[in-house]
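The following note sets out points for a colleague who is examining this model. Please read each numbered point beside the coordinates.

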Amino acid sequence: MKIYIPNSSKQSIGGGFTFWKNIQKGMSGVTFVASMQECDIVLITGATMTQRQEILDAKKLGKKIVFRIDNIPKDSRNRGTAFSRMLDFAKLSDWIIFQSEWARNYAGWWFEDSGIDITSKSSIINNGIDKDIFFIDKDSIRKKGRYIVIQFNRDENKRIPEAFYTFHQEYRKNKDIELFIIGRFSSELVSYNFDFFSGEDIKYLGIIEDPSQLGEIMRSCEFILFPAYIDASPNTLAEAISCGCTPIGINPIGGSIEIVNKWEQGTIPSIQDMGNNYKQIFSKLLENI
């Protein structure tokens, strides 16, 4: 079985890129190829990760197309083409994979409203976590009262001010706590210490692209502040929980609550679990050729 993942995105971090790496590491017994002509399956990892023409070419070549959906992409960040591209990809696909029950209910409504029958050609597969990197280490020194907040883009959906507000409230009760901030923020916000002004212990670590380093930092923290909403299946939250961080401020709108529920049940999937689920779908599609 040969898989081709088109990737026109220039980003090197973030949810789509993380999935791109994880699915290749987590799926055994398949070959990932560099061109569409070689493949059996074209896996679209996100509506904004590739171009419409490439998927039209795949259809002409008779390739089986699987489309992974995390959320509704924003036209405002994709030159006004993201939403229509998503619908086109869904119509052209042989199978659609939603990252959570919430994503299926949210994005699926637009598909069905456009005449796309997701009942007969869709599944729900949660993002898997690389548990070789994100795990609980009993020998690690976990700092009691250390919080972490992570943001890799300027997405207002992350609701970072709410995370800072929660930390402010906790600081009023206990001035010994500290906050690690990771990600990309404006130079103005950084220069004014993220608008913390009462001597709070704040450490800004910038962007951390090395997952192993991120895992070490997570294992040193007691809590993750994660108020983001309409995230379909946030890797950051699942990774931090897998490192032993207790989630704080979880928004019930989005897939975060599904991750928390799986954590409480002890069933956060690994990238191998995720890979096996994708492989089963690929195999069924190829059986029907």
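1. Strand 7 (residues 146–151) is covered on both of its faces: Arg-146, Ile-148 and Ile-150 on one side, and Tyr-147, Val-149 and Gln-151 on the other, are all buried. Six of the six residues of this strand are thus counted as buried. Buried here means under 20% relative accessible area, with exposed over 50% and partly exposed in between, for a 1.4 Å probe and protein chains only. Strands (E, at least two residues) and helices (H or I, at least four) are DSSP runs numbered from the N terminus.

2. The model is predicted: local features need pLDDT of at least 70 and side-chain atom pairs count only at pLDDT 80 or more, whereas totals for chains, interfaces and linings use all residues. Residues are numbered from 1 along each chain as its sequence is written, and side-chain values use heavy atoms, with hydrogens and water left out.

3. Strand 7 runs parallel to strand 8 (residues 178–183), and six bridges join them; strands pair if DSSP finds at least two bridges between them. Val-149 has Ile-181 of strand 8 as its bridge partner. Strand 7 also runs parallel to strand 10 (residues 223–225), through two bridges, and here Ile-148 stands opposite Ile-224.

4. The structure holds 16 aromatic pairs. In one of them, Tyr-147 and Phe-223 are stacked, at 4.7 Å centre to centre with 25° between the planes. Tyr-147 belongs to strand 7 and Phe-223 to strand 10, so this pair ties together parts that are 76 residues apart in sequence. Both Tyr-147 and Phe-223 are buried. Rings of Phe, Tyr and Trp (its six-membered ring) pair if their centres lie within 6.5 Å; planes under 30 degrees apart count as stacked, over 60 as edge-to-face and the rest as tilted. Ring pairs also link Tyr-147 and Phe-223 into a cluster with Phe-164, Phe-167, Phe-185, Phe-194, Phe-196 and Tyr-204.

5. Which residues line the second largest cavity? They are Val-149, Ile-150, Lys-158, Ile-160, Leu-225, Phe-226, Pro-227 and Ala-228, around about 50 Å³ of space. A cavity is a set of points on a 1 Å grid over the protein atoms alone where a 1.4 Å probe fits but cannot get out, and lining residues have an atom within 4 Å of a point. The lining divides into seven nonpolar, no polar and one charged residue.

6. The search of the whole structure finds two cavities of 30 Å³ or more. The largest has a volume of about 70 Å³, and helix 8 (235–242) and helix 9 (256–265) each supply at least two residues of its lining. Six residues of that lining are nonpolar, four polar and one charged.

7. The second largest pocket holds about 170 Å³ of space; a pocket is an open set with protein on both sides within 12 Å along at least five of seven lines. Of its 13 lining residues, Gln-151, Ile-160, Pro-161, Phe-185 and Leu-189 lie nearest its centre. Helix 5 (residues 160–173) contributes the largest share of the lining, three residues.

8. Two charges sit over rings. The charged end of Arg-159 sits over the ring of Tyr-229, 4.6 Å from its centre, and Lys-175 lies over the face of Tyr-171, at 5.3 Å from the ring centre. The criterion is NZ of Lys or CZ of Arg within 6 Å of the ring centre and within 35 degrees of the ring normal.

How values were computed
Points joined across faces, edges and corners; volume = space filled by probe spheres on them. Nonpolar A, V, L, I, M, F, W, Y, C, P; charged D, E, K, R; others polar.
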